[in-house]
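Have the coordinates open as you read.

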Amino acid sequence: PEGWQTIDLQTEPFKLGAKERDVRITAFLLPAGVPAGQYQITYSVQSKIDPGVLDSDTISVVVQTKVKLELLVEDKPSIVIAGEEYEAKLLLFNKGNTQVLINLKIKGTPDYPVQVEPSQISLPAGTSQTLLVKAKTDEKLKSRVSHFLRINAEGIGLEGGVVSASQ
């Protein structure tokens, strides 16, 4: 298939006599994000002396579904004044090979009003989405406080359970 690289462990020519057999080992390097599914691979051999002597065989290769989410901070304020609202930007990457429906949940410590937009997205394989986090700090604060946010990006409806990424 397009983009696949063959890794031949035995590249030198070989000889076979009548009714002889030989086992050849070949591996494949697949590009990132190759969709899950069944692929047909054909292996063929041909005589260098008599090109009319040739043979081939086809095998099926199954690429399994891979789900991998990654969440990174893109932008956040270094300081916020008490009582002010602030925004942070995150990047959610789908580094797997299948589209994933993702629920986003956020929790802050201390427990100020906080939300993430969008709260649910469908992210195709190999793509990313910017997430916007909005939080409002307590106007009664008299000292410096660090506001920690826990954002869970949880893939739903997946075979084999739940996959998540947190930041």
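Helices (H or I, at least four residues) and strands (E, at least two) are DSSP runs here, numbered from the N terminus. With that in hand, go to strand S6, residues 85-94, and stop at Asn 94. One thing to keep in mind: this is a predicted model, where local features need pLDDT of at least 70 and side-chain atom pairs count only at pLDDT 80 or more, while totals for chains, interfaces and linings use all residues. Residues are numbered from 1 along each chain as its sequence is written, and side-chain values use heavy atoms, with hydrogens and water left out.

So is Asn 94 buried or exposed? Its relative accessible area is 1%, so it counts as buried (under 20% is buried, over 50% exposed, partly exposed in between, with a 1.4 Å probe and protein chains only).

Glu 85 has 53% relative accessibility, so it counts as exposed. Beyond four places in sequence, it is in contact with Ala 135 and Lys 136. Trp 4 is 81 residues from Glu 85 in sequence and 49 Å away in space, C-alpha to C-alpha.

Next, the cores. A nonpolar core is a set of buried Ala, Val, Leu, Ile, Met, Phe, Trp, Tyr and Cys residues joined through side-chain atoms within 4.5 Å. The largest has 16 residues, and Leu 92, Ile 102, Leu 104 and Leu 131 touch the most other members. Elements giving it two or more residues are S5 (69-75), S6, S7 (100-109), S9 (120-123), S10 (128-136) and S11 (148-156). S7 gives the most, with four residues. A second, separate core of five residues includes Trp 4, Val 34, Tyr 39 and Val 63.

In soluble globular proteins, nonpolar side chains tend to be buried together. Yet what does Val 23 do? It is exposed, at 64% relative accessible area, in the loop between S1 (5-8) and S2 (26-29).

How values were computed:
Contact means heavy atoms within 4.5 Å.
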